[in-house]
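Please keep the sequence and the structure in view while reading.

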2 protein chains.
Amino acid sequence: MISEAATGYLAGPVLVIGTGLLGASAALGLRRHGLDVGLRDASPTAQRVAVDLGAGHVVAAGEGFLPELVIVATPPDVVAPVVSAALREFPDAVVIDIASVKGSVLAALRADEMLDAAALARYVGAHPMAGRERSGPVAARGELFTAAPWVVVPHEGSSAHAVKVTKAAGADLGASVTQMDAAAHDQAVALISHFPQVASSLLASRLLNAPAEALALAGNGLRDTTRIAASDPGLWIQILSHNAGQLLPILQGLRGDLDRLITTLQDPQAPGATLDLAQLMSEGNQGQSRIPGKHGAPPQSFATVGVIVDDRPGQIARLLADIGEAGINLEDLRMEHSAGYEVGLIEVQVLPGRRDELVAALTALDWKVVQ
Amino acid sequence: MISEAATGYLAGPVLVIGTGLLGASAALGLRRHGLDVGLRDASPTAQRVAVDLGAGHVVAAGEGFLPELVIVATPPDVVAPVVSAALREFPDAVVIDIASVKGSVLAALRADEMLDAAALARYVGAHPMAGRERSGPVAARGELFTAAPWVVVPHEGSSAHAVKVTKAAGADLGASVTQMDAAAHDQAVALISHFPQVASSLLASRLLNAPAEALALAGNGLRDTTRIAASDPGLWIQILSHNAGQLLPILQGLRGDLDRLITTLQDPQAPGATLDLAQLMSEGNQGQSRIPGKHGAPPQSFATVGVIVDDRPGQIARLLADIGEAGINLEDLRMEHSAGYEVGLIEVQVLPGRRDELVAALTALDWKVVQ
């Protein structure tokens, strides 16, 4: 699996504790820089699969392995005790965890009587914002963190060296390194990750008893809003428990808005009802428009061109080849789903300045372009 | 714009009243079958744009135009009076409306003292489940309804002839024709269309005051769940008002679930809290899994293969060309967004039986395949 040996920022060795999807992926990614990577997992099976994948070698306790960095990638509910044990077992190592919630881990470590300030100085939190629908080491890949945010979360006592090593790990994994404190991080992920997950799950759970003939009419709106409702319950139960304090005010805000909407819809002809609905929709418009686009581009900064294609092998390839030959970069692409039909609409997004050129090029090639 | 003259099911002529996005698109689509299409809009500008697009010719009152079918495509809040007037102006025509909510239109027509049973027999509701983010006739296209559901909604007094003509219009527009009664239709769209819209708007409106550094961490989860929050407020205010009765019980169900979740998160270590969270997530999983896939395929029936690509013109085209040359049909495609990076992950979906073949073919061509 070591296909590209390139010099990275870390010197190594690195110990990864917890060889599930994220741990094994981090190990694979670091191995590509030629680093010596040790592995350890409470599950002999998960550990064995990670070794078989080429993620590293097993490191037992007391065998003299001296890591520069220990990455704790266990399930969230055991992160704090595992970090604490690692800080004590490896008194010269920087120890990071990559759990999705940082405040609860930090609080537990600060309350840990077995850790002194010197030990705590070697701890830094990290949050790689990457994942897959599937879990376990079998789904691991060295590129998992490529281009994903790697949030470095130091505490007041973290040493400069520990912060540097934590950033180096993110850089070696090809991630986009940023820094926040634990409170800001947990508030941010509550809003942009945990809240959408909860909303999607709540929405999808209303479909449990829906008639099949209703679901047959489902379009991209329902599909998009419920896609993440398919996420792994086990992991999310822990995340939601650990970040309950940050998630609660957001859910209470939602409840307030929902209560108002229910009251409005109970008498939609009442004075002010239309204004209430307008406000809901308009605030949704504005909130949505604040989400940055791909490559950190300002929201909605790409132009969309629709093209009708036959649903046959090679059609979309031919379209994209034509776009590529026109020298225009594709920023995003979307296929419209449809039930029972063999034609579809492809929406391609390009920089606005290239839009007319693209329409002209495709039209000249007899594509059915929809402007 | 009449590029393909083909014999359709309707004989014509057809009058389209309301030449916005949907009306003008229907007119364009029917013109392709060589039908004589008349147009009428309260806005002289919208009417003029539709004529300029080649959607048809203006039909003034009293000029002897004798349509087989009148399609009322006005905003929802004036549909009923416009349908009523059309039934009286054209005593031999079938009159349909294509608004998103059917029960309120039907109730208004039944209460209309100017209509007798014979006139009402010529009315049938229809709901083409297609749309675009943009509105107005400029965005119109004849293919808008292609492969989209066209729900025919007769009432008890609709004549067999009127139902047949309504279905013929959907068939001529290339849509997938189905039939439901008004109550079943309105319940279905409340659940699969209006509810996701409200949920997405409520979710996005919580982003209004979010720190930019939090939004910079946004991933596909937030993007997907909030995409439809960008929808046109004007139209949705009318839809939500008109279908309030069907939407309310769903929102009350959501409020019940949300209340329970808030209570649970107020003490996530309490006995039973974990089980509550597990139930939320699991019901979300189950609800999501009930949504049918593309082409009406059973949910989750496609296999996903990930491929790492450079973000340069032609890369994705080359990938899809390779997939096409392997003779494998692409069922869906997804680009992972990322901030500040020039590489990305393309997830392609294929029939599960073709998955291994695809992985082998792409690996042989040196693509970085992620399984």
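In chain A, strand β7(A) runs parallel to strand β8 (residues 176-179), to which four bridges join it; here two strands count as paired if DSSP finds at least two bridges between them, and helices (H or I, at least four residues) and strands (E, at least two) are DSSP runs numbered from the N terminus. The model is a predicted one, in which local features need pLDDT of at least 70 and side-chain atom pairs count only at pLDDT 80 or more, while totals for chains, interfaces and linings use all residues. Residues are numbered from 1 along each chain as its sequence is written, chains are lettered from A and ligands numbered from 1 in the order in which they are written, and side-chain values use heavy atoms, with hydrogens and water left out.

**Strand β7 and its sheet**

Five of the five residues of β7(A) (residues 149-153) are buried, so the strand is largely enclosed by the rest of the structure; buried means under 20% relative accessible area, exposed over 50%, and partly exposed in between (1.4 Å probe, protein chains only). From this strand P149(A), V151(A) and V153(A) point one way, whereas W150(A) and V152(A) point the other way.

| Strand pair | Sense | Bridges |
|---|---|---|
| β7(A) and β8(A) | parallel | four |
| β7(B) and β8(B) | parallel | four |

In chain B, an open sheet of eight strands with mixed pairing has the order β3-β2-β1-β4-β5-β6-β7-β8. Strands β3 (57-58) and β8 (176-179) of chain B stand at the edges with a single partner strand each, so one side of each is left without a neighbour in the sheet. Helix α2 (residues 44-52) of chain B packs on this sheet, touching β2 (37-40) and β3 of chain B, and its direction makes about 155° with that of β2(B).

Two packed helices are described by the angle between their axes and the distance between the axes. The axes of helix α11 (residues 244-266) and helix α12 (residues 273-289) of chain B come within 9 Å and cross at roughly 145°; axes are lines fitted to C-alpha atoms, for helices over the stretch in contact, and angles run from 0 to 180 degrees between N-to-C directions. L261(B), T264(B) and L265(B) in α11(B) meet residues of α12(B), including D276(B) and L277(B), where contact means heavy atoms within 4.5 Å.

Beyond residues up to four places away in sequence, L265(B) touches L277(B) and also residues of chain A, among them L240(A) and L251(A). S201(B), found in helix α7 (residues 182-205) of chain B, is buried, with a relative accessible area of 0%.

**Relation between the chains**

Chain A can be laid on chain B with an RMSD of 0.1 Å by a turn of 180° and a shift of 0.0 Å along the axis, which is the relation of a two-fold axis; the copies are superposed by least squares on the C-alpha atoms of residues with pLDDT of at least 70 in both. Of the residues of chain A, T225(A) comes closest to the rotation axis, at 2.0 Å (C-alpha). As 99% of the interface residues of chain A are also interface residues in chain B, the copies meet through the same surface.
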